[in-house]
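Please look at the sequence and the structure first.

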Amino acid sequence: MSEEVKWNKTISDVNDGILSNLGKPHPMFYAAWIASIICVIIGASTWAWEISVGIGITGKTSPVYWGVLITDFVFWVGIGHAGTLISAILFLFRAKWRNTVNRSAEAMTVFAVITAGLFPLIHVGRLWLALYWFPPLPNTNNIWPNFRSPLVWDLFAISTYLTISLLFWYMGLVPDLASIRDRVKGLKRLVYGVMCFGWRGTAKQWHHYEAGYGFLAALATPLVLSVHSIVSWDFAMSIQPGWHTTIFPPYFVAGAILSGCAMVYTLLIPVRKMFRMEEFIRPEHLEACIKLTLLTSTIVFYAYAVEFFVAWYSGNAYEWGVFEKRAIGPYAFYFWVMVFCNCIFPMIWWSKAMRNNVAVSLVVAVLINVGMWFERYNIIVSSLAEDFLPGSWGHFQPTWGDIGLTVGSFGWFSFWFLIFCRFFPIVSMSELKLIMPKPLSKKH
Amino acid sequence: MKRRPGGVLAVYRYLDQLTDAMKKIKGRSDFDDHEVFSPTSYHEIEEAADYPPSPVRYFTLAGALTGTITGFTLALWIDYDWPLVVGGKLAGLYSLPAYFIVGFELTILFGGLMTILGMLVMGRLPNPKQRILDPRFTDDRFGIFVPNATLDGEQANLLKQCGAEEIRLIESV
Amino acid sequence: MRSIDSDLRGLEDQREVFVTNDQPFESPAKEFVPGPLYKNIEEVIPELAESQEIQDASAAKKLPVDRRDFMRLFSVSAALASTACVYRPVEKAVPYVEQPKDFVPGVANYYATTIDRVGVVVKTREGRPVFVEGNPEHPLSQGSPSIMAMSELQALFHPDRRVAPQIQYGTNRRGDANWDEVYDRLGVRLKDAKKVGFLVKGTTGHGVQFYKDFLKNIGQSEDNLYLYETNGIYNAISEAHRLAFGIDGIPRTDMRRTKLILGVGAEFLDEGVAPIFEQKSWSVGHTFRNGAKGRFVQFESRLTLTGGKADERHVIGPGDELAVTLAVVDSLLKRSEAKGTAAEKANIRAVVDAQRSLIDSTKQRLKLSDDLLNKLAGELLSRKSLVQVGESGAISPNGTLVQLAGIMANVLVGAYAERLQFFDQGWFKSPGRAGDIARFLNEGKTYDVLFVVNVDPAFTMPASSGIADILKGRSIISMQSMPCATDTYAEFALNTHNPLEAWGDEELVAGFWSLQQPTVRPVANSRQPEDILLWAAAKMGKPMGFEDYRSYLRDKWKLVYKESGINKDFETFFKAIQRKGFFVSQLSKRDMPAFGTVAERFQPLPLKSGMRLIAHLDSKLRDGYGADRPVLQEAGDGLTTITWDTWVAINPNKARELGVKYNDLVVVKGPGGSFEASIYPLPGLHYDTVAVPRGRGQKQGLSRITDGVGVDPLVALVAEVDPLSGDPVTSGQTVEIIKTGRRYRLAAMQKHNDIANRRDIMPVYPLAVAVANVRKEKDLDDVPDLYPSLAPKEGDLRSPNSYLFPDWKASTEYRWGMSIDLERCTGCGACTVACDLENNVPQIGREQVLIGREMHWIRVDRYFSGPVDNPEVSYQPVPCQHCNHAPCEAVCPVYATTHDQEGLNVQTYNRCVGTRYCANACPYKIRRFNWFTHKWNVMGDRPIDRNPRALNPDVTVRTRGIMEKCTLCVQRIREGKHNAKQQGRLVFDGEIRTACQVACPSDAITFGNLLDPNSRVAKNRKDYRAYLLLNGKPELGEYGLKTLPNVNYIAKVLHDGSEGIAAGDGHDRSGAPGPAGGHP
């Protein structure tokens, strides 16, 4: 698609343009940063409170033993999917537009996964024990973790995903860090020099670099698909009605990509504005991102429908009971928010005008993020609240604990993302140069 | 350690001129172990240079296989170390399906780590004594560095003919 | 560990005592031969023997020894192994150089005693009580403690129990005193007192005699003693029998032989005359057993636990009990086959004719058709039947007349002749005394010194009865084991012994003595009320000649001993009594006289109109005596599952009429005053019924448990007494319900009340089907690839030589299982209370229960189904099901919950990190999570630290962040296996009993070894009605969730009155009135 991209810049302008963020940033930046720090403080103090008093400060109860915290966890893991998807899968597909967004998408992935990784720790009853009883550490009693438990799968999946995403992201950074090194003086030069391993940009280096990058992409591709499948097994592996369905893995992956892409868009627009990247992150690229979002939105739509159909078609009273209540029961509000945000609103993107209307698209993207959060809330809470024995039914009310920790997580994420935007190239310069007109002497 | 040799550095502005030069000097003994610099990885350069396939692939393979084996061994060995029955599922091979997860994850993990390692090793990275011949090479310029050549030498002329923007003498350090 | 010899010696003792044949008392220990040595309760009181057919049935069992015998044998031997209780010298924290007798650290001692009129065996560890079990030998408890008796443990170690007596010095200065000062001042006070009176908790034992003696001793009249029993039914029945037969007392009703019970406001499963005894006999005669089941038809105005178990239930208005009973009597009279002599019939007819208008108007108002009544009358006369009347836990001005009408009915159906209701032996004594309270309220003001012993008139009598004035005017000596409202009026507020610390006795049945003895040294510097009196008397210079109450009792028991004609010396006798806990001297012989003429006394007071308040005794807290025990507060009501609150129960349709909803705060305005409480729309109530439980709403500052809990409905009542029995009336006064527009959430444990059409979790078999298949067996464990709790099968891949799979073998000796008979479950919640106490389950308080975090390991689900006005009520106790394919186990990341070789689903507390995934995966949702480190009693605003002494030393105390759940009392299993191992045998069936099983008054819960084909639990699992919750129908190859629990349920049977000829689909209640049945 980037054939039609109308570049009025050459590769010579790339470094100057992209690295402008190393200079004096937009005042919006500081505002955002302060805000994020405040949120982090709120979250941290809530966590301290929880650790000192007990997990009971959150709204969880019997039978809803998981609540907002696991919702946040799944939400952030989902956000973390767009990055590697865009960098890896689209790289293999040679989709040129990814070169403009993959850097920030990967950064988003890394920070989102780090945020997600906090939540299992926040939500366990005895953090201090969880830390060393989850991983298989040798101990005198030969007590090991249970590799048949989806939670242990999760541990491996998430940590692997984090590592690989981190490597992928950093690998892409190396040449760009080198170009920063070549622009700055003194201590900065030293620091960036160390960070880029002393990259020189010789053809040989590029040769191996390309090979490595390709293999890493090939490895990351199945990983992206596996991680959220495994997260979905956290639910699908238990026999709760509303959880115990085979469609969960693809359904979760689609949802993750949907939320991820929406988040990429949500982040790109302000960043693009804040650091004046309009010339490099072209509308055509944003539109491509939207198209991908639209696609996954339809997949998610289908998944919702299938869930309901299967629940009805199975004739299982318990299964149908849960879905009935989801749609018209105590949790109907959350359900319909989810449906409208994830399935209905994105449909306006079928029109090109809307796709190119940044304001509208931004609103829809934000709504999708909201909707995806509610989707996880629905799946977790409404399935647990009223399952098998009517005598055991109960309901869930979020408390200030839940809210504080959620707010904190958003602060934590944006804090790191803003730091990234301030000190690293937001767009992968070397890859951007690739998709720009080649510097040729004879003008064809 | 031995000093790194000085030589001639040609700076190009255009990609096609660079590739012309590369094609011309390919295989010539007086251009032995010359270096080509590029701000990004243009395929034209790859073709012009046509290097043998990168051995990074072997690193990846080794890592991946190690990972698979580690994963399954870990899970199964733990079962034999202390067999426990959960949910009517017996330990050991009975529960093998569950162990594909850890097997898979470790495959990816080790594979990825080894790939990076391979890339660094083959790219001679990290190199602390980074010898930056020209800062523009990470911006928008291409370059060819011929060791042990002189400005009035015949290699310099050749590079010049290919449209080099400038030709510099690099001191040996 | 106790050796089997000591058991045998114990057995020798009792046979010596109870059979008068001569043998050397200390006979040498014999080799253990179970059975023949052992004596059945039946031999203690022949009338308690099981009916013939049932004995045959049990004889048919191919057990080496009858299970019941073993249950008795073992718990009794426990009781017998312990010595008589004497105060030991104080043990300082010094290691035992010389071990005290009968004291092995870590091994329990058992003391037989009597608490709450129930014979119990108190399990003590290191000298302190840890659990209260029923005394299997005691005819009135038959192995089940009452809820109140069990919860005495929490009262004993209650943090708010006073540790010093208090004296009112001068006008407004009250302070702690020491006991000597108390005796001195008491002596003085008594010396210059003109008139001294006693208001004493109703008792039947020597206590009454003691107070009389005391009064005599200080030169007062014996009439100054008033017995106060809150439950008015005792005096009502007793007085009614005095009127009818000239014999006062309460006949022991035997429901084990009845084929039909007609209940009119009957309450034998709630607050009966002898709750445990009656519930046991009901469960024998009226739950499906060996193909037979008695029928139970109930007329009542509020839904009670009793009515919930009725096969056919009719709704009547509050106060209609009298008219309805008379209507039944009327229709009985009309039939020729009615029993009773002509004279009796004449007497009865006289009454009925006199009340004709009342009968007819009521019949017409309630739409009670003559067909229905005639049908009933026919049934009553054609079978062994019994008429049980009451007023649903309360008493109205006509209370005694209701009982009188009941007596008439029973005369006509021949219940007395059939000896179902009357034995020539064994009449209950009424703990109260008819007329006492009326007298007290009149004469109270004439006293200048008034002793109030173990009763709380200030709270349990309506304020309008002027009790406050009586207590204010004079110097009150309040002797209470726990602080109560009366203390605040007292000059002497003396902290007395908890029943677990006190001496005493009861003659519950004339000639049948139960002994109460201390099981622990006093923990709170308290004294025995009688001791205080003795010592005070000594101070005032009128010693009674006993150094303490114990010696007084021994003195009285010498008389019992003399007439018992036992040929051993008294010490031996008394020691044996202490071991056994009770003694049967000559049971009172009486002949049943004819029914007298009662017409002129039969003057019913007119019913009030409009909505009437029934301030009934709470099923857990009674009149408030149990209110300061968190375990009772949190166990919740059986029908509403409400904890920590008072509710106003009205009919849901009526509520809609009034425009009030669940949790709406309303003002209940009565003639005497008004109170505020929240509405609970309870199905099955009459439209005019406003049912409010008593026992809550105590004065502030008495105890941190009762502070701010509920309200006291009595404030709405005007003073009124039953003219015949003289007991205060708490039912039948007109109230109006006024909306406040505010809401106040009731902490109901169960958030969803109907069964949501999920019949598969609560199947009901019509009698015909149950009878037809009574011999049919099914194998719930016949499931493909059932791993691993059963013994490995043939061709099992887990063969020992298989190197493919790690070697894990299920035990071939034990596989623990439990079976819960829903037919027998009455929803009383005793299992929950027992479990809380045994397993150190924390009580968490209202705030947390509102969120839904109650910690009970066994919760009793209660489901309503069918018409709102007259619902079908089902109960389902849900402990951990100990699934063989437990969904919770596989998902735990750290192996904190796993399966053990004996089929238990075990939880490793210190491994648990609290992911709570297991709880999510559990389809039964019985796992409990410690959201906080719970304080001993109450979370939230009234935290009280755990009192370590109140905890069971055998069970770990859980901290926050840990998942916990029912362990099938694994500590008891371990103990049982240990005993068995020591004796080189396997555990006997019934040797190990879980706490809930011990507590269940209707023996609904069975626990045992499923691998033993003869064990009761294994047989129950094969029962045709047995099913596994949420596991489909294995016999049809439908496995449902296929969690394969080791806990199985036994479905209810509905007696549709057809003796099993007609078969409904089990859900319709043929004969029961439609939705609007019996409503205006």
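The text below covers aromatic pairs, a surface patch and a sheet.

The model is predicted, so local features need pLDDT of at least 70 and side-chain atom pairs count only at pLDDT 80 or more, while totals for chains, interfaces and linings use all residues. Residues are numbered from 1 along each chain as its sequence is written, chains are lettered from A and ligands numbered from 1 in the order in which they are written, and side-chain values use heavy atoms, without hydrogens and water.

**Aromatic pairs**

Over all chains, the structure holds 87 aromatic pairs. Rings of Phe, Tyr and Trp (its six-membered ring) pair if their centres lie within 6.5 Å; planes under 30 degrees apart count as stacked, over 60 as edge-to-face and the rest as tilted. Two of the pairs are set out here.

| Pair | Centre to centre | Angle between planes | Class |
|---|---|---|---|
| A:Trp66 and A:Phe235 | 5.9 Å | 80° | edge-to-face |
| A:Phe308 and A:Phe323 | 5.1 Å | 70° | edge-to-face |

A:Trp66 lies in the loop between helix 2 (27–53) and helix 3 (68–79) of chain A, and A:Phe235 in helix 9 (residues 203–236) of chain A, 169 residues apart. Helices (H or I, at least four residues) and strands (E, at least two) are DSSP runs, numbered from the N terminus. A:Phe308 belongs to helix 11 (residues 283–314) and A:Phe323 to helix 12 (residues 317–328) of chain A, 15 residues apart. A:Trp66 and A:Phe235 are buried, and A:Phe308 and A:Phe323 are buried too. Buried means under 20% relative accessible area, exposed over 50% and partly exposed in between (1.4 Å probe, protein chains only).

**Surface patch**

A:Phe301, A:Trp336, A:Phe340, A:Ile344 and A:Phe345 form a nonpolar surface patch with about 440 Å² of accessible area together. Patch residues have over 30% relative accessible area and no salt bridge, and nonpolar side chains are joined within 5 Å. A salt bridge is a side-chain nitrogen of Lys or Arg within 4 Å of a carboxyl oxygen of Asp or Glu. Areas come from the Shrake-Rupley method with a 1.4 Å probe. Helix 13 (residues 332–344) of chain A gives the most to the patch, with three residues. A:Ile344 is in helix 13 of chain A and counts as partly exposed because its relative accessibility is 34%.

**Sheet in chain B**

Four strands of chain B form an open sheet in the order 2-3-1-4, with antiparallel pairing. Strand 2 (35–37) and strand 4 (166–170) of chain B are at the edges with a single partner strand each, so one side of each has no neighbour in the sheet. Strands pair if DSSP finds at least two bridges between them. Strand 2 and strand 3 (residues 142–147) of chain B pair over three bridges, and B:Phe37 has B:Gly143 of strand 3 of chain B as its bridge partner.

Key: Patches are made of residues with over 30% relative accessible area and no salt bridge: like charges are joined within 9 Å, nonpolar side chains (Val, Leu, Ile, Met, Phe, Trp, Tyr) within 5 Å.
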